[in-house]
Amino acid sequence: MADKNKKSVSKKPTLRDQIKSLNNDIESEKDKYLRLFAEFENFRKRTSKERIELFKTASKELMSALLPVLDDMDRALKEFEKDDNVDYSGFKLIHNKFFDTLVSNGLSKIDISTGTTFDAEKHEAITQIKAPSKKMIGKIIDVVENGYLIGDKILRYPKVVVGN
């Protein structure tokens, strides 16, 4: 009967327990804040990087559309150079200005020459012909169309003829 007479005593949290609980809550909120802040920083860096990449390649479509014009101008310049009686300085000036404008907007020509070893990851072979010598087998015989980069990305692969 003594058990029945004892009142059920609900233990009231002590001040120390309350402080410990509040410190745990603070640590939990602090951890959430740090994680959220880190996520936000990662998001900010990622979007900044994507924006820079977008600016670099924003002109990709326009550059692709202008490359055939540049090719035609290159071919015309080669033809003008064959004839000594033609003054093509004006055309050359326009060609250079056009090319410089494209370069200033991120376009760069892929340097390639005959005798370079063919690499399928960097060149597009349009045909193979019999090599003039054994050392030219697997090498580039002729560059039919120049290749171009925008930044680090290939806009158009150089079209080449390979010796076999």
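**Salt bridges and their surroundings**

Author: Let's start with a landmark: Asp84 sits in the loop between H3 and H4. Bear in mind as we go that this is a predicted model. Asp84 counts as exposed, at 73% relative accessibility. From Asp84 to Val143 the sequence runs 59 residues, and the two C-alpha atoms are 25 Å apart in space.

Now for the helices on either side of that loop. Helix H3 covers residues 60–82 and helix H4 covers residues 89–104, and their axes come within 10 Å, crossing at roughly 150 degrees. Since angles over 145 degrees count as roughly antiparallel, that makes H3 roughly antiparallel to H4. As for handedness, the crossing of H3 and H4 is left-handed.

On to the charges. Side chains of opposite charge can pair when their charged atoms come close. How many salt bridges does the structure hold? There are eight. One of them is in helix H3, where Lys82 pairs with Glu79. The closest N and O atoms of Lys82 and Glu79 are 3.1 Å apart. The two are three residues apart in the helix, so about one helical turn separates Lys82 from Glu79.

Glu145 forms a salt bridge with Arg156, with 3.7 Å between the closest N and O atoms. Because Glu145 lies in strand E3 (residues 140–145) and Arg156 in strand E5 (residues 153–156), this pair ties together parts that are eleven residues apart in sequence. Both Glu145 and Arg156 are buried.

Glu145 also forms a salt bridge with Lys159, and there the closest N and O atoms are 3.2 Å apart. Lys159 belongs to strand E6 (residues 159–163) and Glu145 to strand E3, so this pair ties together parts that are 14 residues apart in sequence. As for cover, Glu145 has a relative accessible area of 17%, and the cut-off for buried is under 20%, so Glu145 is buried. Lys159, at 25% relative accessibility, counts as partly exposed.

If you're picking side chains to display, that's a handy set to select.

Asp152 is found in the loop between strand E4 (148–150) and E5. Asp152 is exposed, with a relative accessible area of 79%. Where does Asp152 lie relative to Ser108? The two are 44 residues apart in sequence, yet 9.3 Å apart in space, C-alpha to C-alpha.

Tyr33, Leu34 and Phe37 make a nonpolar surface patch of about 340 Å². Tyr33, one of the three patch residues, lies in helix H2, which runs over residues 15–57. Tyr33 is exposed too, with a relative accessible area of 54%.

Key
Residues are numbered from 1 along each chain as its sequence is written. This is a predicted model: local features need pLDDT of at least 70, side-chain atom pairs count only at pLDDT 80 or more; totals for chains, interfaces and linings use all residues. Side-chain values use heavy atoms; hydrogens and water are left out. Patches are made of residues with over 30% relative accessible area and no salt bridge: like charges are joined within 9 Å, nonpolar side chains (Val, Leu, Ile, Met, Phe, Trp, Tyr) within 5 Å. Accessible areas come from the Shrake-Rupley method with a 1.4 Å probe; for residues, only the protein chains shown count as cover. A salt bridge is a side-chain nitrogen of Lys or Arg within 4 Å of a carboxyl oxygen of Asp or Glu. Helices (H or I, at least four residues) and strands (E, at least two) are DSSP runs, numbered from the N terminus. Buried means under 20% relative accessible area, exposed over 50%, partly exposed in between (1.4 Å probe, protein chains only). Axes are lines fitted to C-alpha atoms, for helices over the stretch in contact, and angles run from 0 to 180 degrees between N-to-C directions. Angles under 35 degrees count as roughly parallel, over 145 as roughly antiparallel, 65 to 115 as roughly perpendicular and the rest as oblique. A crossing is left-handed if the near helix is turned anticlockwise from the far one by less than a right angle, and right-handed if clockwise.
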